[in-house]
Structures are given as C-alpha cells and as structure tokens.
Amino acid sequence: MIEGARLRLNGWQRAAVAVGSAAGALLDPRRADLIAALGETTGKPAFERVLERMKRSPEGRLSMLEQKNVFYYLHLLLERPRVISSNVGHAWDLPANTFGAAYARFMGSRNFSPDDRPPVRFMETEELAYVAMRAREVHDFWHTLFDLPTNLIGESALKVIEFEQMLLPMCLLSVVGGTARFSGKQRALFYQHYFPWAIRAGMRCTDLIAIYYEQHFHEDLQDVRRRWGIIPAPAPPS
C-alpha cells in the first residue's frame, strides 16, 4: 500500500495541475512536491510502459518450474519494497566496497534522508502508484551508481538518463528548466562534457527501474556497475 491520499483528476484538472506544477518548478527547482506532481500528471503513459517492462523483467517474473516444484521469487512487484530508513538503514553497516555502503556515504555526506520523498497523489491504481513511487525513490541509487553530484549539472545529467530509461516528459522538462539556469560556463561544461556522456550511459545500461536494488546492497559496487552496464560520470575537465 502506498501511503497518502490519492486524488482522481479529470482531463482539465490534470492539465491544470501539470501547468501549475511546471510553472512553479521552473521558478523554484527545489520544490520536490511540484516536480513530483508534474511527473505524475504528465507521466501516466510512461509509467504504464514501465509497469509492463517490470512485469517482463527477469527480476519481475513470478515463478519458475524446477523439478516439478514452483519457486516464487521475492520480486519487485510482489513485495513492493520501499526505500525508507527502516528498510535501508543496514546499508550504513556494510563493508566500504559494497553498493550499499556507497549509497550510505552518498546520503550521509549530504545529510539526505530516504524518508523525504513526497507521496504519490495522482496515480489511479495501486500498481501505477507504486511504479511512480519506486521511480522517485531509486533516484539516489542512480546518483550513487553513476557517481553524479547533486548540483544543478549533476541533476540535469541524471534527468537525461532518467528520460532515456522511462521517457517521462517531466525529465525532459527538468533538463530544459535546469539548463536555462546555467551560467555560460556551466552550459558549455554540460553540453560538451556531461550531456554526451549521459546519452551514452543511458543507452548502454540495463533497464534500471526493474532492479531490486536492496537485494544487491551487499555486493561490490564495481561488480554491480559492470553487471548493469553502468558508465560512471567522467571527472570534469581541469
């Protein structure tokens, strides 16, 4: 069950919320609630496609037959894991080389909490609400895997990858809005250095939304990067 009251909107209401959220997010990109509302009101078709991909994923299949016994995988859509402190707190106790420890360092160094994500309000079904919530909650896992900072350039680069992965209009709008705020030097750095890398990285990696990340916390960070086709962000030119 995804916490929080969800609202059913007609077409005009959905459009009004989308336009208002887009305008507010452009004025203040730090408003996570507005960015979330924009993603939900413009992203239903994309989330539906993501849901179908998750159902077809090797980590999303229900069962397999082996020696006449059915073994049910503890997979993503069945368990619907949440990235909240009570579920991922053990990452802080893992060895330094692991994916989980790298995620803990990323969160701790920025004083981030996994509990700070806004709730899903505008998805009509429980499954779509979970997909929207999952896409929101794995954002910091992707920062960790791609070794991207949380500044404006890093967030814009990650939004390029997220757009390639999920085709969410909100991601494209965020890139446009983010780059509009760049200085001339930042814009040159982004388009000459980070944008080409993000296009290549997003095309090369596996379908990241379908991964049950929490089951891989104990694995070596470099091993999971290789397995999932992750190209970490290049260091900025000196």
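Modeller: Two residues are in contact when heavy atoms lie within 4.5 Å. By that test, and leaving aside neighbours within four places in sequence, F146 touches L158, I161, W197, A201, C205, L208, I230, I231, P232 and A233.

This is a predicted model, in which local features need pLDDT of at least 70, side-chain atom pairs need pLDDT 80 or more, and totals for chains, interfaces and linings use all residues. Numbering starts from 1 along each chain as its sequence is written, and side-chain values use heavy atoms, without hydrogens or water.

Now the core itself. Buried means under 20% relative accessible area, exposed over 50%, and partly exposed in between, with a 1.4 Å probe and protein chains only. A nonpolar core is a set of buried Ala, Val, Leu, Ile, Met, Phe, Trp, Tyr and Cys residues joined through side-chain atoms within 4.5 Å. Here the largest one has 61 residues. F146 is among those with the most contacts inside this core, along with F141, W142, W197, L208 and Y213. Helix α7 gives the most to the core, with 7 residues. In soluble globular proteins, nonpolar side chains tend to be buried together.

Helices here are DSSP runs of H or I with at least four residues, strands are runs of E with at least two, and both are numbered from the N terminus. The chain has 12 helices and 2 strands. From the N terminus, the order is α-α-α-β-β-α-α-α-α-α-α-α-α-α.

Next, the rings. Rings of Phe, Tyr and Trp (its six-membered ring) pair if their centres lie within 6.5 Å; planes under 30 degrees apart are stacked, over 60 edge-to-face, and the rest tilted. That rule gives 16 aromatic pairs. One of them joins F99 and F141: the centres are 5.9 Å apart and the planes sit at 65°, so the pair is edge-to-face. F99 belongs to helix α6 (residues 99-109) and F141 to helix α8 (residues 139-146), so this pair ties together parts 42 residues apart in sequence. Both F99 and F141 are buried. F190 and Y191 form another edge-to-face pair, because their ring centres are 5.1 Å apart and their planes stand at 80°. F190 counts as buried because its relative accessibility is 0%. Y191 counts as partly exposed, because its value is 39%. Ring pairs also link a cluster of W92, F99, Y103, F141, Y213, F217 and W228.

R225 lies in helix α12 (residues 221-228). Its relative accessible area is 9%, so R225 is buried. Outside four places in sequence, R225 touches T144, L145, D147, I230 and P232. Of these, I230 and P232 are also contacts of F146. R225 and F99 are 126 residues apart along the chain, yet their C-alpha atoms are separated by 9.0 Å.

R134 is in helix α7 (residues 126-137). With a relative accessible area of 0%, R134 is buried. Again leaving out residues up to four places away, R134 touches L76, P81, V83, I209, I211, Y212, Y213 and E214. Y213 is one of the residues with the most contacts inside the core.

D147, a contact of R225, sits in the loop between α8 and α9 (152-166). D147 is not a glycine, but its phi is positive, about 55°. N111 also has a positive phi, near 60°, in the loop between α6 and α7. Most residues other than glycine have a negative phi. N111 is exposed, with a relative accessible area of 71%.

The largest cavity holds about 40 Å³. V83, Y103, M107, P114, R117, E137 and D140 line it.

Last, the chain as a whole. Of its 238 residues, 46% count as buried. Among contacts with a separation of 6 or more, 70% join residues 24 or more positions apart.

Conventions:
On a 1 Å grid over the protein atoms alone, a cavity is a set of points where a 1.4 Å probe fits but cannot get out, and a pocket is an open set with protein on both sides within 12 Å along at least five of seven lines; lining residues have an atom within 4 Å of a point. Grid points are joined across faces, edges and corners, and a volume is the space filled by probe spheres set on the points.
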